[in-house]
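Dear colleague,

I am passing on the structure we spoke about, together with some notes on what turned up in it. Please keep it open beside this email as you read.

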Amino acid sequence: MRKYIIDDAKRCLQCKNPLCSKGCPIHTPIKEAIALLLESKLLDAGKLLFENNPLSLVCSHVCPQEDQCEGHCIMGKKGTPVFISAIEQYISDYYLYNYKPVCSLRNRGKVAILGSGPAGITIAFLLAKKNYDVTIFEKHDQVGGILRYGIPEFRLPKRIVDQLMATLIQSGIKIRPNTTIGSNLTVDDLFRDGFLAIFMGTGVWQPRKLNIKGESLGHVHFAIEYLKNPSVYRLGKSLIIIGAGNVAMDAARTALRHGCEEVLIVYHKDKSGITATEHELQYAKIDGARLELNKLATEITDEGVVFADSEIYLDETGHKQARAIPGTEKLYSADSVIIAISQGPRTVVASSTTGINLGQNGLVVVDGLGHTSREGVFAGGDVVTGARTVVEAVVASRKIAETIDEYIVKKQAHPDKL
């Protein structure tokens, strides 16, 4: 692919008002980076992208570019868009592995980051650059959150997450792995020990249940748990995946790479209700997964899943729901079953801390700047919005990093007024 990068970069029209950047949630300076690349200023191009988005390399791999930068490229109106993701990937890969960050002086106060997913990593980088003494508390043994434990290797190589971890350490950021705030240590302990602000970026790791008979059987698994370490699972030759979001597609493609020969993705609505991107759906099909629509799971058995034909109706709130059509039940045989119907937050931090309000869905309630209802505690990313894209987490985190900085400056200047 790389030998075509320059040729494709030369196709960029250097538009006066580039629609590609407007279509990007974080407004990546695409045309400027391409111009620097063609001037043989690769490090300058990488610096431009990294300073706009510390996870530029990650986003070049996992963003739905067909809906964002590439989907808005003017060249795509009558032909093929510039392959922006490949160009960004080339530039950002080179830069991240040559980047020598300036180590934080750690002289502006302590900040705790709970969780090292996209939101936590972004805020850690931005605050370290402002010379804060940043500590990341991560419940797993390695940094990355959903980047490491939720996105398959074939979509995001783990070497990238490893390099991000190395860069965090080089930036003067402390990492405390295997530590869950809310169990042995609490938010109150952090404030006691001198942390001036705390950011919650703990993601959404609680799988949602179907609440049907058979869900506790030994051959049934949740997708978000399976993706953490698929090599330890023994799924057999045939697999049914219930759900049709991006996580379901990742689980399907991963299972096909780990010995499954038949993977059937079953969804209870028609194609218009599928939440996975068309791009991810097509890749799952190319990899060998099959899709069946308008089937509602009614029971899981040792032999497989009982599905019924489904019909859509509007509930009292006007939302579309599916219900089984009586008499249409049929057993679909499978060695294993994976449930992939979204996930919510684990509330261990909030439940162990007074003053942090949660919404009805269990997500943390914040204002437009990331303040929670507890002074000094901020939140962002999936724990606030539910599962979203990496770039959306980065966009929110840039604003929250500025909010945390402003909060600490005011607190240090007027400690009695906050």
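Ala308 touches Asn294, Lys295, Leu296, Thr298, Ala324, Ile325, Thr328 and Glu329, leaving aside residues up to four places away in sequence, where contact means heavy atoms within 4.5 Å. This alanine sits in strand β11 (residues 304-314), and with a relative accessibility of 0% Ala308 counts as buried; here buried means under 20% relative accessible area, exposed over 50%, and partly exposed in between, computed with a 1.4 Å probe on protein chains only. Between Ala308 and Leu369 there are 61 residues of sequence separation and, C-alpha to C-alpha, 45 Å in space.

Before going further, please note that this is a predicted model, in which local features need pLDDT of at least 70 and side-chain atom pairs count only at pLDDT 80 or more, whereas totals for chains, interfaces and linings use all residues. Residues are numbered from 1 along each chain as its sequence is written, and side-chain values use heavy atoms, with hydrogens and water left out.

For the protein as a whole, the secondary structure comes to 17 helices and 16 strands, these being DSSP runs numbered from the N terminus (helices are H or I with at least four residues, strands are E with at least two). The radius of gyration is 23 Å, close to the 22 Å that the globule rule gives for 418 residues, so the protein is as compact as a globular protein of that length; the radius is taken over C-alpha atoms, and the rule is 2.2 Å times the number of residues to the power 0.38. The C-alpha trace spans about 70 × 55 × 40 Å along its principal axes, and 51% of the 418 residues count as buried. Of the contacts between residues at least 6 apart in sequence, 69% join residues at least 24 apart.

Not counting residues up to four places away in sequence, Thr135 touches Val111, Ala112, Ile113, Lys174 and Phe195.

Turning to the helices, α3 (residues 30-38) and α7 (residues 84-96) have axes that come within 11 Å and cross at roughly 60°. By class, the contact has 8 nonpolar, no polar and no charged residues, with Ala, Val, Leu, Ile, Met, Phe, Trp, Tyr, Cys and Pro counted as nonpolar, Asp, Glu, Lys and Arg as charged, and the others, Gly among them, as polar.

The buried residues of α3 include Lys31 and Leu36, and what covers the buried residues of this helix includes α1 (5-9), α2 (19-23), α4 (42-52), α6 (69-72) and α7.

Finally, some backbone angles deserve a look. Most residues other than glycine have a negative phi. Gln14, which is not a glycine, has a positive phi of about 50°; this residue lies in the loop between α1 and α2 and, at 33% relative accessibility, counts as partly exposed. Asn211, in the loop between β5 (206-207) and β6 (220-222), has a positive phi near 60° and counts as exposed at 61% relative accessibility.

Key. Axes are lines fitted to C-alpha atoms, for helices over the stretch in contact, and angles run from 0 to 180 degrees between N-to-C directions.
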